[in-house]
Each structure stands twice: as C-alpha cells, then as structure tokens.
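Trainee: Could we go through this model together, one question at a time? I would like each answer to show how it is reached.

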Amino acid sequence: FIGILLGPTVKKLFKVPGYSTIDAIASFVGDGTIGIVVTDQQYQRGYYNRREAYIIATSFSIVGIAFASAVAEELGFGGIFPIFYGSIALITVIIALITARLPLKKFKPEYYPGVTPKTEEVPTDKSLVAHAYEQALNQAEEAKIGKVFLEALKNIVNIYVGFLPTIMAIGTISLVVAEYTPFFTIISAPFVYLYDAIGYTREVAEAMAPATLAGFADMYLPALFIGGAASEAARFFIGVLAFTQLVFMSETGMILVKTKIGLSFGDVIKVFFYRTLISIPLLVILTQILASLGVLSF
C-alpha cells in the first residue's frame, strides 16, 4: 500500500519505485544489512532493475536507529539524539538525490534475468489510493504465513551463518590494526590539513583524520578514535560521517559484494569515498550552523 501510494513522489525524487520505501523502513527499524538483503530480493523478483537496485542498496540502507543511539551515547550526544539522527537522515537523503542523477554506466536499467518486471502503473479508471488498497489486499491474500516465516528464517540463517564469521574476522582485525598500528594515521594524513583549515585545532584534527577513513573497516571504529576529543563539534562531525558513509567492510560492504546486483570490491570502495567526499562539506555547514545556535561547541 505504502509502496504504490508513494510511488509517484519517490520516482520523481529518487528515480526509483515506491516499493523502495519499504527497504528504507526495514533499515530504519532494523539495520542497514536488512535493507540491503530486502533490496537484493526485490531485485531478483523484478520489482527493481539493476540501476534502481544499486541506488536503493547504496543510498537507502540507513543504519538502524538502535545502533545509532548506542553510538550517540558513546560520543555524548544522547541528550540531542533527535538532532544527531536527524542529521544522518538529512545528509543520507541529499546523497541519495545526487546518486539518483549520476550516469552509473555499469549499472544499466536491466531486470534480473528470467523475471517479469513488476510495475506500479495506476489504471486510468482508479484513483491512486484505491489502486494501492486493492494491490495491498491482493498481496495479503497471496502471502502464506508458513511460507513467509520460512523465508524470513532462511534470510536470518543466511546472514548469521554466511556473514557472521567474515564480519567478526574483519571487525577483530580492524580493531587490532586501529589500536596497535599507525596504519589509519598514515593513510589519513591529508585530512589533518583539511580539518586544520576548517578551524579545528591540530590536536583535534589529528584525531579526526584517522576516524574519517576507519569507518570503511567498521562503523564503530570512528567513535573509538574520536570519543576522547574535547571538541563536541568534532565528535558530532565524525559520528554523523561514520553513518552517512554507509559502507563498512565488516558488514554492509561484504553483503553488497555478495548480492546479485553486481557490485565488486572496487565498486564498494568507490561508494565509500564518494559518500565521504560529499558528506564532509555538508557536515562542515551543518556543524557550523549547530555551533552558531549553541547546540555544539568547538
């Protein structure tokens, strides 16, 4: 019902079907991983073509509100969590608007082989609401409780058995590298000068730089890097950035590579840097606004 009802609006804004709102909701109340899995399934069923699936999987899989709340508490922003999570959502939407208008030559508007595309066209003799309601009833009648439960159970087992060992391995290795080697400090050196130019002190800039790239390994690492910084603006900046980057190899990155959408490891790296480079100027503006309103202090 929601997918068809919001179809015209979502199609105009993001160039994807209205069904994608369900993927976003799954990510919001659950986890970004769930959103990607749902998107991959919908692509294989014919609800999205490959281009649409790419846009949805890399732009709509916002991190779940529960994990965001935990990170906000870690960084000291539990009292302004609506602002923290609202900033994540705002920047994610802006990046999605931009992504939807990119050429994306590798990801052509082709449907999964062997499936019949499912459209959202509204009959001329029916209103949008009436058509959405009718299709919702048809969907409910076709759904069998036992089949739906088994399919959901299969997905859960696939995630935990298929991905958990990889997630734990990458997460552990990343933590060891972050805590006991200068790897992230070395590769992120150029960002020190960037944050220094923005107005952060050299000490704070040196803490922010490795946190900027550490999110590619695991989303919780940036919070570990920046958690002790005295600057609220710096902690807020890095905390929000870690979520808007969206891709981290200990979870969502690995799942994106394993989907049928066709992303390679190189594509995932491109998505990470693309989202990082767009998020940074947006966050510079946002933190300056919040600082001027007295919400954050430098």
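**Contacts, cores and a pocket**

Trainee: Which residues does Leu-213 touch, not counting residues up to four places away in sequence?

Mentor: This is a predicted model, in which local features need pLDDT of at least 70 and side-chain atom pairs count only at pLDDT 80 or more, whereas totals for chains, interfaces and linings use all residues. Residues are numbered from 1 along each chain as its sequence is written, and side-chain values use heavy atoms, with hydrogens and water left out. Leu-213 lies in helix α13, residues 202-214, where helices are DSSP runs of H or I with at least four residues, numbered from the N terminus. With contact taken as heavy atoms within 4.5 Å, and with residues up to four places away in sequence set aside, the partners of Leu-213 are Phe-184, Ile-187, Ser-188, Phe-191, Phe-272 and Phe-273.

Trainee: Is Leu-213 buried or exposed, and at what relative accessible area?

Mentor: The scale calls a residue buried under 20% relative accessible area, exposed over 50% and partly exposed in between, using a 1.4 Å probe and protein chains only. Leu-213 falls in the class called buried, because its relative accessible area is 9%.

Trainee: Which residues have the most contacts inside the largest nonpolar core?

Mentor: A nonpolar core is a set of buried Ala, Val, Leu, Ile, Met, Phe, Trp, Tyr and Cys residues joined through side-chain atoms within 4.5 Å. The largest such core has 77 residues, and its largest share, 9 residues, comes from helix α15, residues 232-244. A second, separate core of 5 residues includes Ala-178, Phe-184, Ala-217 and Leu-221. In the largest core, the residues with the most contacts are Phe-84, Tyr-195, Met-208 and Phe-237.

Trainee: What does Tyr-195 touch, not counting residues up to four places away in sequence?

Mentor: Tyr-195 is one of the residues with the most contacts inside the largest core. Leaving out residues up to four places away in sequence, Tyr-195 touches Tyr-200, Ala-205, Met-208, Ala-209, Thr-212, Phe-237, Ile-238, Leu-241 and Ile-280.

Trainee: How many Å apart are the end C-alpha atoms of helix α17?

Mentor: The expected span of a helix is 1.5 Å times one less than its number of residues. For the 28 residues of α17, residues 265-292, this gives 40 Å. The model agrees with that expectation, because the end C-alpha atoms of α17 are separated by 40 Å.

Trainee: What is the relative accessible area of Ile-4?

Mentor: Ile-4 sits in helix α1, residues 2-5, and, leaving aside its neighbours within four places in sequence, it is in contact with Tyr-19, Leu-128, His-131, Ala-132 and Gln-135. The C-alpha atoms of Ile-4 and Pro-17, 13 residues apart along the chain, are separated by 8.2 Å. Ile-4 is buried, because its relative accessible area is 6%.

Trainee: Which element gives the largest share of the lining of the largest pocket?

Mentor: On a 1 Å grid over the protein atoms alone, a pocket is an open set of points where a 1.4 Å probe fits, with protein on both sides within 12 Å along at least five of seven lines, and lining residues have an atom within 4 Å of a point. Of the 29 lining residues, the closest to the centre are Gln-42, Arg-45, Tyr-47, Gln-139 and Ala-143. Elements that give two or more residues to the lining include α3 (20-29), α4 (32-45) and α8 (128-142). The largest share, 7 residues, comes from α9.

Trainee: What is the relative accessible area of Thr-259?

Mentor: Thr-259 lies in the loop between α16 (252-258) and α17, and it touches Ile-36 and Asp-40, not counting residues up to four places away in sequence. Thr-259 counts as buried, because its relative accessible area is 10%.
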